[in-house]
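Please find below a few notes for a colleague who has not looked at this structure before. They take up confidence and then two residues in turn.

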Amino acid sequence: MSATTSGAAVFATPAAELKPNGHHHQAEKRESCCYFQMPLHYPRYKKRDYETMPEWKLDCLLKEYGLPVVGDVNQKRDFVMGAFLWPSENK
């Protein structure tokens with residue numbers, strides 16, 4: 001539906017089509033295997049946190065950021081520290 005006011009087109013969208021954030025999107029039929037959304041916050045862990053983090057938590061962190069979850073726990077830990085720590089923090 002559209003209306004014209006002083007030469008400008010105004011489009012009305014039924015409330016049923018609006019998402020809670022006000023954006024218009026297609027129906028959200030996404031399979032978890034094919035969909036990735038970047039998390040809003042950067043991880044705020046310190047180097048010592050990564051050094052003692054259990055493997056399951058490293059796996060969750062890697063999955064959350066869409067990074068590969070491969071290798072043994074030490075390889076994952078090194079990868080996570082390289083990805084999320086600033087060079088000055090990784091010494």
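This is a predicted model: local features need pLDDT of at least 70, side-chain atom pairs count only at pLDDT 80 or more; totals for chains, interfaces and linings use all residues.

1. Over residues 23-27 the pLDDT falls below 50. That stretch still has 5 contacts in the model beyond near neighbours in sequence.

2. For the protein chain as a whole, the average pLDDT is 75. A score of at least 70 is reached by 58% of the residues.

3. Lys 76 belongs to helix H3, which covers residues 73-84. Is this lysine, Lys 76, buried or exposed? Its relative accessible area is 6%, and because buried means under 20%, Lys 76 counts as buried.

4. Which residues does Lys 76 contact, once neighbours within four places in sequence are set aside? They are Glu 55, Leu 58, Asp 59, Leu 62, Val 69, Val 70 and Gly 71.

5. Asp 59, one of those partners, sits in helix H2, which runs over residues 55-64. Asp 59 has a relative accessibility of 17% and is therefore also classed as buried, the cut-off being under 20%.

6. Not counting residues up to four places away in sequence, Asp 59 touches Val 69 and Lys 76. Val 69 is also on the contact list of Lys 76.

7. A further distance concerns Asp 59 and Arg 77, which are 18 residues apart along the chain. Their C-alpha atoms are separated by 9.5 Å.

Key
Residues are numbered from 1 along each chain as its sequence is written. Side-chain values use heavy atoms; hydrogens and water are left out. Helices (H or I, at least four residues) and strands (E, at least two) are DSSP runs, numbered from the N terminus. Buried means under 20% relative accessible area, exposed over 50%, partly exposed in between (1.4 Å probe, protein chains only). Contact means heavy atoms within 4.5 Å. pLDDT is the predictor's confidence in each residue, from 0 to 100.
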